[in-house]
Amino acid sequence: MQAVRTTCPYCGVGCGVNATVTGARSVKIAGDRDHPANEGRLCSKGTHLGQTVSLEGRLLHPMIGSEQADWDDALDLVAGRMRACIAEHGPDSVAFYVSGQLLTEDYYAANKLMKGYIGSGNIDTNSRLCMASAVAAHIRAFGEDVVPCSYEDIDTADLIVLVGSNTAWCHPVTWQRIEQARKRRGTKLVVIDPRRTETAERADLHIAVAPDGDVALFNALLAEMLRRGLVDEGFLAERCLVPDGFWADLPDESGIPEDQFAAFADLVAAHPHTVTLFSQGANQSIGGTDKGNAIINLHLAMGRINRPGAGPFSMTGQPNAMGGREVGGLASMLACHLGFEPDELADAEAFWNAPNMCQGPGLKAVDMFRAVHDGRIRFLWIMATNPAASMPDAGIVREALARCPTVVVSDVAADTDTARFAHVRLPALAWGEKDGTVTNSERRISRQRPLFAEPGQARADWEIVCDVAGRMGWGEAFGWRTPADVFREYAAMTQLAADRGKMLDLTSWGACTAHDYETMQPFRWGGAYPLGDGFPTPDGKARLVSVTPPARKVRDPGLPLRLNTGRYRDQWHTMTRTGLSAKLSTHRREPLLEIHGNDAAQFGLKDGALARVTTAWGEAIYRVAITDGQRPGEIFVPMHWTDAMGSNGRTGRLAQPLTDPVSGQPAFKDTPARVAPVSPDWRAFLLTREPAAPDVAYWTRAKVEGGWLTELAGEGAIDLDALVPAGHRSEVADLVRGMRRIVVCDGEGSLMGALYLTRSGELPPRDWIVRQFSQSDANSVELLAGRPAAPQADRGAIVCVCNDVGEQQVLAAVSAGADSVGAVGAATAAGANCGSCRPIIARLIENTLTSAKEAAE
Ligand code: SF4
């Protein structure tokens, strides 16, 4: 079988994947050694892509309400309702909310339809939640949304500063590149993050800055560099515009301990080759754009940009956030890096031969859903995203969706929190079926190529857009036959950007053949240093921007904690795909509330018990994980769980809808909150072959080999018969302790389901029981006991999901003398595949060796 060269659909690293189809819906995955973004590496998510390509949970037919429909009926309905809405309420009553999961061709088609044909700017993307602040910072500083660095700069940097990024979890292959640079050339690492993450633990210096403390810190750092005579006066004079009063206005208060600040300043002073990578911790803030500019200011003022191993480097979260930015998928940009000046609008209108050109920007995500809520938007088409789960103040978003007269959802998944509000659902192609291009964080365009035939009636998103446009009477302008046709038009349109001196110039692809497109090799627009010859501003100079820290908020004493949200290493967004992988689910099977021990004690929370988090916008329940990685007064919860995967762990309902005033990006990282213990009458876990969604106070579900593991808790009586499947049932009960255990096997002795419940005691460990699901001869007696008759060594929590190695196995190897990640790998195979678990292995080694040393002293 020939491997197909394609691209990972998860994060913005944009790793190349060699995918070898091995069956109807199975594929062998390997990293593409020839792809410059990853040079053969893949993280745990990319490695386990093969576990996510089944058709489980897929939407395979158009649906009108709950009825299956054919494409013609569904598309007629969509186009008819859109036409009526425009006729009655005007073009701004229609909106598209799209996604960084779309391919560039999908994005281009949707943007052209909205801005050139419907006549509104109302197309925004979930990338608004992820990196809109970096976009705005680039435009303010450089005149265009250009990332001035590339991954090679990581290889040649002497100092890497990570701001608001748990890179080891969220951009793992970039992290491996950083680790390699540290090993090869001794690159120093500073991590600026309120949390002590696995990334921060590996740093030479971790600065646990207060939430939103970054602007003060970078301003103070710049003032210090000025004092030390390290500002590059020549570069500033020649290449930058500095606003009046900029230096005088630089506040001097860093907000961190003096010794830490001095250590940070010494590192920055000593290493001209500095790359500052920043991500959601910087962007998702009421001052996110200012944070980006504070970082860029430092690099411009020190001349540390446009040369190897130096520059401010925004990491995108999604696989094609950058492609969306290029074509105009953000409501605040027109197309191809053009804005909404009259000449730009006129040129785009002429290029598109647009009958109804929009006249200005549209509504950004949070404002868009507010407009849906108050009835200004009455037709909403959501493509490849799940705003009912992922938007801040998701309660209002749900109300908005429930009120909206027409909600159309194009998606790969049949049941998402958002799909439940759809009047029409349109089946879209998933990764492994799609055909087109994506752009990664370093501006590198790569192909996603199809591996499988289109399943059911699913279609490409761009084709669906064209089908609707055709029914609106605009078929000629949307008459593309292939994704190459769309890409060619987009590439030709970048001439409008190039004519204005912008860096986004794909015009050489404007006449590419189908063969050129098919054989496209990953390439980076703008080259390695796109801003090296001048900045795309009218005078060719970059702008330093005066920025000040956001005003301190008066805190509500009833909400004393600061809630931070973010990603887990092995899950992606709302888990519609990674949630299908048993391997990936082993890393975290439940959403955890991470809290410092002092706060846990103050609020009566116990490690491993349940707790309720309440904000002014909603509440959710999580399993408590006490950690000194959290600063006292701050808590952290993951963003991934939805109503489809649990009853009460949906974080979107907690987050405040405050946004950055420039970028419109929501401030997900700092919502006032309180916590309280949840004391259920009973706790249980349930194993089933099919996904369970029990009607109890708390449940969360995780994929395991052969089925699903659901954790439960609730009040009062529980209807066990409604939970466990039919079959040969064995049961034990201890009425004193309120213990019930039920095991159900089929006629052949295979385990079909099991329930373990307690009212006052402990539940057995899950891993051995879960493994019985993939055995053919389940032993009911052992299963009821919750353990094998012959005791087995406890492997502990799984550390390495690729090779199924537990924490106790790693610790045993360390005790036996393995004192490096490589040595542990040689002894146990942990960390020997994708490498995503290497940071935690390093921590286990360090902790064990430190304890041993202390004991010896
Ligand atoms: Fe995919 Fe992991 Fe690479 Fe991101 S780092 S693109 S998730 S393989």
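Biologist: What makes the contact between the side chains of Asp347 and Arg500 a salt bridge?

Modeller: The N to O distance between Asp347 and Arg500 is 2.7 Å, and a salt bridge requires a side-chain nitrogen of Lys or Arg within 4 Å of a carboxyl oxygen of Asp or Glu; the pair therefore qualifies. This is a predicted model, in which local features need pLDDT of at least 70, side-chain atom pairs count only at pLDDT 80 or more, and totals for chains, interfaces and linings use all residues. Side-chain values use heavy atoms, without hydrogens and water, and residues are numbered from 1 along each chain as its sequence is written.

Biologist: Which parts of the chain does the pair of Asp347 and Arg500 tie together?

Modeller: Asp347 lies in helix 16 (residues 342–352) and Arg500 in the loop between helix 22 (495–498) and helix 23 (514–518), so the parts tied together are 153 residues apart in sequence. Helices here are DSSP runs of H or I with at least four residues, and strands are runs of E with at least two, numbered from the N terminus.

Biologist: Why is Asp347 called partly exposed?

Modeller: Its relative accessible area is 30%. Buried means under 20%, exposed over 50%, and partly exposed in between (1.4 Å probe, protein chains only), so Asp347 is partly exposed. Arg500, at 25%, also counts as partly exposed.

Biologist: Why is Asp670 called buried?

Modeller: Asp670 has a relative accessible area of 4%, so it is classed as buried. Its salt-bridge partner, Arg555, has 29% and is therefore partly exposed.

Biologist: How many salt bridges are found in the whole structure?

Modeller: The search finds 57.
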